[in-house]
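Please read the following report alongside the sequence and the model.

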Amino acid sequence: MKVLVCISHVPDTTSKINFTADNSAFDKNGVQFVINPYDEFGLTRAIWLKEKKGASVTVLNVGGNETEPTLRKALAIGADNAIRVDAEPSDAFFVAKQIAAVAQEGGYDLIIAGRESIDYNGGQVPGMVAALLNWPFVNACVGMDGEGPEFNFTREIDGGKEKLSASLPLVIGGQKGLVEESDLRIPNMRGIMQARTKPLEVKAAVDAETKTSVGSFSKPAPKSAVKMIDAENVSELVQLLHDEAKVI
Amino acid sequence: MAEVEAKEYLKGGEFLIRTVESDEIFIPEDFSEEQKMMAQATTDFIEKEVVPQRDRFEKKDYAFTEEIMKKAGELGLLGITVPEEFGGLGMDFNTSMLVCDRISGVSGSLSTAYGAHTGIGTLPVQLYGTDAQREKYLPGLASGEIMGAYCLTEPGAGSDANSGKTKAELTEDGKHYKINGQKIWISNAGFANLFTVFARIEDDKYLTAFLVERGTEGMSFGEEEHKLGIHASSTRQVFFNDCIVPVENMLGERNGGFKIAMNALNYGRIKLAVACLDAARRVISYGVSYANERKQFGVSISSFGAIQQKLAEMTTKTWVAESAVYRAGQDIENHIIRLQEGGMSSAEAKLKGVEEYAIECAILKVLGSEVGSYVADEGIQIYGGMGYSADAPMEQAYRDVRIARIYEGTNEINRLHSVAMLLKKALKGEMDLMSPAMKVAGELMEIPSFDTPDYSVLFAEEKEIIEKLKKSILMVAGKAVETFGMDLEAEQEIIMNAAEMLIEVYAAESGILRAEKLAKQKGEEAVAHEINMAKLYLHGAMEQVAKHGREAIYSFAEGDEQRMMLMGLKRFTKAANPYNLKTLRRSIAAKVISDNKYPF
Ligand SMILES: Cc1cc2nc3c(=O)[nH]c(=O)nc-3n(C[C@H](O)[C@H](O)[C@H](O)COP(=O)(O)OP(=O)(O)OC[C@H]3O[C@@H](n4cnc5c(N)ncnc54)[C@H](O)[C@@H]3O)c2cc1C
């Protein structure tokens, strides 16, 4: 089984988010980048497939060379090789086209992506990849078992869970549950050293349109200070909720 | 000839007599992607496996310490510098420093267990062991299957380690040594499997080292000691009662044990310095987030200048100590490489590499442990009453860091040692201290030069100040040597003054050079905070040099000579353009407060 794990290079969850002066782009200055947490669950699940079923695991990122440390971390955790499509990931369709092209060319039979990336939270890429390849798509996947080529999946849906099965080749949009947080792996020192010698191939992008363009970014309004109102003073509370908070 | 002569590398202790440029030093920002990944993996390990259960350390749960050490072994954290053929990673010295840094901050219990195992527990075998000894023990020590301990201290032999009374006697058949004696304060004793034990054979001048396995007949243990801090670090007495050890377990040569002990301590000292850093960073992070949350008089206490001042000083001292520690760490690594390239074996080069910088190791041991103590103390103060509570993290940090000033040679011993080694180098002709000292003495008689550097160049004045602070040390130490000769040893107070000056100058210089190197790489604007911290530290160092210089001068110089030296010192410790310290501290604090954690 050849597994392709899509790795998005995203700001650490504790980063302070700022935009460039004209609000047209995210300001990467001083920000630490990590493997997208949703992708890390998928990567760990892929490594299980490697360890238990002898699958090969390739990690893939569409991005500039600044993302290579993130790919090398995935290699240190246990992926066999990495591919970076050398292009600015301009929108979901562009990225999906690149992933689909790599998948087709490399003859992969399972693509695991995260249900979304925690930077722009588009949540579109894996679905688009499945559509471009004409493969089944299991989104918000929280469980996977079976021997293959048919697998049983559990999906998280509003207010409950859905069980379904599908056969390879297919695309998964993964999240926590695919493996648990305690299953995530810290790369060991030897793994980190071995990552140095594992192949990291840089590929040119295939032609693809960018179908959306970004207007501007803005931050949510800062939270205003809490106002304390005397417990007896209901009329003031009502008045403030009506006039200031505008919730009643 | 137009060719520029390649600069000689900076030898140990030589910083005192020569100008050091920023491109000669290593800064933590120079770590490779791989080294940074190792550091991050270590931090992730601590956050995931240790932080959620850290209170187990306070409940004297020794098994927890052992469990975490085993897990650290699985991740490869115990064999960073152990050669690959013995199951380690064969990485360089500064990588081992970086990992030690990140593993040590969460708890002094773990820090001590890690330091005792990877440092004094493993290094003697790694560096002095025969092939057979290394094959037998190193892979286990690197993986964590074998835990190491080091038995030097005795009830009657602490700082005076070579005075130990433990005896080793060759048995009649010549195949064994019989060890008798008592060791005290032995870290990891509760769970270690391999003990490096120092004992004296007959009336030898020096001790001899032996490898003793747990379970050897005649070896027994005292109860766990109850301590001020590091509650889950196992500390016991170890007793040897006709303990029979095969002759092949002698480590190194007969009479060579004291040298092993001292060389292991050189390593231990710089490692201890680095081990204090992450504890300080964590205290700062807790401190600032508490200061941001805690409201008094209707505002966050972090808005008060008195609190900002603390945050700025704590952060600055930590950043500067970090600069100094990794600078020396790389100097050691570079020297190891040089010696190996010159044909020395890897183990020998590792010994000589660190020995060359023994002065820096002693300086850093004091600096790291005292910065750690200062930061923890101020951390409690920021928390107010809550800081005194065992339910808040400061109380543990404060108690845990206290040991750092005692073991691996007390800070007094290290202060004495740093100056003694410097003078020894001069005496042996390895370093010319006398000519620069005479030059300074001559300068005192001359009319001071009125040339001023171009103050618009970053750090032009600061670098001049560093040179002047070095002159202050040369003036005071040179005169003290001239006055007391070999009897200077009996003038410990003056040696303490000199040591203080030495420490402050090494630290301040490291901060300035790091900030300068960063400014060259990223532009001055991008590293404004680092520049401010380097300046703030330098100011403090200048005050300390002035204070200790004055104390020393008052202690032994008189009359005209005293007046002249005091005038010289005043000239050497005065800034032409004093900083507005309040503004400097506020701007550093603002960064810490806005990041809500240690920001560098
Ligand atoms: C928790 C803990 C763990 C330890 N772990 C180990 C271990 O694993 N292995 C091991 O071998 N040892 C270990 N030690 C021992 C430690 O290294 C010694 O305690 C230390 O070296 C000081 O020796 P001492 O306690 O005998 O104090 P002393 O030597 O009696 O010192 C008492 C005071 O006198 C001062 N003093 C001593 N001599 C001089 C001098 N010449 N000039 C000026 N001042 C002087 C000291 O600085 C100190 O302030 C540990 C100690 C502790 C507390």
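## Cis peptide bonds in chain A

Pro169(A) sits in the loop between β9 (160–167) and β10 (170–174) of chain A, where strands are DSSP runs of E with at least two residues and helices are runs of H or I with at least four, both numbered from the N terminus. The peptide bond that leads from Leu168(A) into Pro169(A) is cis, with omega near -5 degrees. A cis peptide bond also joins Gly148(A) and Pro149(A), with omega about 0 degrees, and Pro149(A) belongs to the loop between β7 (137–145) and β8 (150–157) of chain A.

This is a predicted model, in which local features need pLDDT of at least 70 and side-chain atom pairs count only at pLDDT 80 or more, whereas totals for chains, interfaces and linings use all residues. Residues are numbered from 1 along each chain as its sequence is written, while chains are lettered from A and ligands numbered from 1 in the order in which they are written.

Lys246(A), in the segment after α6 (234–243) of chain A, has a phi near 55 degrees, a positive value in a residue other than glycine. Lys246(A) is exposed, with 8 other C-beta atoms within 10 Å; the classes used here are buried for 20 or more other C-beta atoms within 10 Å of the residue's own, exposed for 12 or fewer, and partly exposed in between, with C-beta atoms placed from the backbone. In chain B, Phe459(B) has a positive phi of about 65 degrees although it is not a glycine, and its place is in the loop between α15 (434–445) and α16 (460–484). Phe459(B) counts as buried, with 22 C-beta neighbours inside 10 Å.

Glu51(A) is part of helix α1 (residues 37–53) of chain A and is exposed, with 11 other C-beta atoms within 10 Å. The C-alpha atoms of Glu51(A) and Gly78(A) are separated by 9.7 Å, although the two residues are 27 residues apart along the chain.

## Chain B as a whole

Chain B has 20 helices and 10 strands. Its radius of gyration is 25 Å, close to the 25 Å that the globule rule gives for 600 residues, so chain B is as compact as a globular protein of that length; the radius is taken over C-alpha atoms, and the rule is 2.2 Å times the number of residues to the power 0.38. Along the principal axes, the C-alpha atoms of chain B fill a box of roughly 80 × 60 × 50 Å.

Of the 600 residues in chain B, 53% are buried. Among the contacts in chain B with a separation of 6 or more, 77% are between residues 24 or more positions apart, a contact being a pair of residues whose C-beta atoms, placed from the backbone, lie within 7 Å.

## Helices packed against α17 of chain B

Helix α10 (residues 305–341) and helix α17 (residues 492–522) of chain B pack at an angle of about 90 degrees, with their axes 8 Å apart; axes are lines fitted to C-alpha atoms, for helices over the stretch in contact, and angles run from 0 to 180 degrees between N-to-C directions. That makes α10(B) roughly perpendicular to α17(B), given that angles under 35 degrees count as roughly parallel, over 145 as roughly antiparallel, 65 to 115 as roughly perpendicular and the rest as oblique. On the α10(B) side the contact involves Val320(B), Ala321(B), Ser323(B), Ala324(B) and Arg327(B), which meet Tyr506(B), Ala507(B), Ser510(B), Gly511(B) and Arg514(B) in α17(B).

α14(B) and α17(B) pack at an angle of about 80 degrees, with their axes 9 Å apart, and are therefore roughly perpendicular to each other. Residues in this contact include Arg415(B) and Leu416(B) of α14(B), and Ile495(B) and Leu502(B) of α17(B).

## Ligand shell and chain contact

Of the 21 residues around the ligand, Leu152(B), Gly158(B), Ser159(B), Trp185(B) and Thr410(B) come nearest, where a residue is near a molecule if its C-beta atom, placed from the backbone, lies within 6 Å of it. β1 (148–151), β3 (176–187) and α14 (411–427) of chain B each supply at least two residues of this shell.

Between the chains, 13 residues of chain B are in contact with 11 residues of chain A. Helix α1 (residues 33–50) of chain B provides the largest share of the chain B side, eight residues.

How values were computed: Two residues are in contact if their C-beta atoms, placed from the backbone, lie within 7 Å.
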